[in-house]
Amino acid sequence: MTERSGPAGDATGGSVPTTPVCYRHSDRETYLRCSRCDRPICPDCMRDAPVGHQCPECVNEGRRSVRPARTAFGGGAAGRRGLVTRTLIALNVLVMVVSVLSDRGGDSLIGGSGFGGLLGGGTPLTQWGSVLSYASYVPFGEAHGVASGEWYRLVTAMFLHYGVVHLLLNMWALWVLGRELEALLGPLRFLGLYLMAGLGGNVAAYLFSSPNTASAGASTAIFGLFAAVFVLMRRLGRDTSAILPILVINLIFTFTVPGISIPGHVGGLIVGALMALVLAYAPRMRRSVFQAAGAGVILLALLGLVIVRTVMLLG
């Protein structure tokens, strides 16, 4: 009988335990183990964890189970990057460029009415997209205002401006207020606030402006942001003394400078405040549901006012 050589055993004839190998690299011996699943891992697979070290799969599983950071009002932390604010500014600037190109000369940039003639005049694009209750002029063949079914004007008007000064004033305010509010609310809630305030101001302009008066500008939404900053700061218990003088100055300009839509500014202010109240005081339990429902109620109320005004104009 021939004997074969091999690893020596112990005195009882048992085999010596083999060294563990990494579960991902079978050729690497290791005495390290994942603190979560207890599988052997080599130094290349080892990931730092709050307690000990973990394997890549356990680290990924832990990331999926961690709830994302939320703001005080339920929004996502991504709002700190200000992406929505930057996108809105870029969109307004782009629309201004298209508006100037549609004019083919004239006073579209500067030389129109308002602020001592510093505001630019209207263009074919502002005639097409501004808030207009009802008018008989025909810029593109058939355009007679919101009362004739052009409800899109209630949205497009918040992205149109009369000249570069008008644009710069609104974009500066959006840059200052937007980043702060987007960080507090998160991208989605901030965008909802901006659009709802802009729509509310345009609806107010439709309700209370004379039929042949056109209005446009992001200032309807900007005034809503002013109101929202005040409401949210109060909700957080922060000092609001800095925002009040700015708001008062803007209201003084609204009522004293010719060529400014008073209903648009005041309407944006009121609707922005209402939206901010909904976002700030929704109960923590099912907060998103209450915020969405509150926004829906405000939207339905605005649409109802538009219908009533249209019936009055056409009836």
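**Reading helices, burial and phi angles in a predicted model**

Guide: Ser99 is buried, for its relative accessible area is 1%. This value, like the others discussed here, was computed from a predicted model.

Visitor: Where is Ser99 found, and with which residues is Ser99 in contact once its neighbours within four places in sequence are left aside?

Guide: Ser99 belongs to helix 2, which comprises residues 83–103. With those sequence neighbours set aside, Ser99 touches Thr123, Leu125 and Thr126. The cut-off for "buried" is under 20% relative accessible area, and Ser99, at 1%, therefore qualifies.

Visitor: How many helices and strands has the chain, and in what order do the elements run?

Guide: There are 10 helices and four strands. Read from the N terminus, the order is β-β-α-α-α-β-α-α-α-β-α-α-α-α. The chain has 315 residues, and 43% of them count as buried.

Visitor: What describes the packing of two helices?

Guide: Helix 2 and helix 6 provide a case: their axes come within 10 Å and cross at roughly 40°. Helix 2 is therefore oblique to helix 6. On the side of helix 2, the contact is formed by Val84, Thr85, Leu88 and Asn92, and on the side of helix 6 by Pro187, Phe190, Leu191 and Tyr194. By class, these residues are six nonpolar, two polar and no charged.

Visitor: At what angle do helix 5 and helix 7 pack, and how far apart are their axes?

Guide: Helix 5 (residues 164–185) packs against helix 7 (residues 219–235) at about 40°, and the axes are 10 Å apart. The two are therefore oblique to each other, and their crossing is left-handed. Helix 5 contributes Asn170, Ala173, Leu174, Leu177, Glu180, Leu181, Leu184 and Leu185, which meet Ser219, Ile222, Leu225, Phe226, Ala228, Val229, Leu232 and Met233 of helix 7. This contact comprises 13 nonpolar, two polar and one charged residues.

Visitor: Is helix 7 parallel, antiparallel or oblique to helix 8?

Guide: The axes of helix 7 and helix 8 (residues 243–256) come within 10 Å and cross at roughly 155°. Angles over 145 degrees count as roughly antiparallel, and helix 7 is therefore roughly antiparallel to helix 8. The crossing of this pair is left-handed. Phe223, Phe226, Val229 and Phe230 of helix 7 make the contact with Ile243, Leu244, Ile246, Leu247, Asn250, Leu251 and Thr254 of helix 8. Nine nonpolar, two polar and no charged residues take part.

Visitor: How many residues of helix 7 are buried, and what follows the helix?

Guide: Of its 17 residues, 14 are buried, so helix 7 is largely enclosed by the rest of the structure. Helix 7 reaches 24 Å from its first C-alpha to its last, close to the 24 Å expected at 1.5 Å a residue. After helix 7 comes Gly237, with a positive phi near 75°.

Visitor: What span should helix 10 have, and how far apart are its end C-alpha atoms?

Guide: At 1.5 Å a residue, the 28 residues of helix 10 should span 40 Å; the end C-alpha atoms are 41 Å apart, which agrees. Its buried residues are Arg287, Gln291, Gly294, Ala295, Ile298, Leu302, Val306, Arg309 and Thr310. They are covered by elements including helix 4 (153–156), helix 6 (187–208) and helix 9.

Visitor: Where is the place of Arg286, and is Arg286 buried or exposed?

Guide: Arg286 sits in the loop between helix 9 (262–281) and helix 10 (287–314). Arg286 is exposed, with a relative accessible area of 59%.

Conventions: Residues are numbered from 1 along each chain as its sequence is written. This is a predicted model: local features need pLDDT of at least 70, side-chain atom pairs count only at pLDDT 80 or more; totals for chains, interfaces and linings use all residues. Side-chain values use heavy atoms; hydrogens and water are left out. Buried means under 20% relative accessible area, exposed over 50%, partly exposed in between (1.4 Å probe, protein chains only). Axes are lines fitted to C-alpha atoms, for helices over the stretch in contact, and angles run from 0 to 180 degrees between N-to-C directions. Angles under 35 degrees count as roughly parallel, over 145 as roughly antiparallel, 65 to 115 as roughly perpendicular and the rest as oblique. A crossing is left-handed if the near helix is turned anticlockwise from the far one by less than a right angle, and right-handed if clockwise. Contact means heavy atoms within 4.5 Å. Ala, Val, Leu, Ile, Met, Phe, Trp, Tyr, Cys and Pro count as nonpolar, Asp, Glu, Lys and Arg as charged, and the others, Gly among them, as polar. The expected span of a helix is 1.5 Å times one less than its number of residues.
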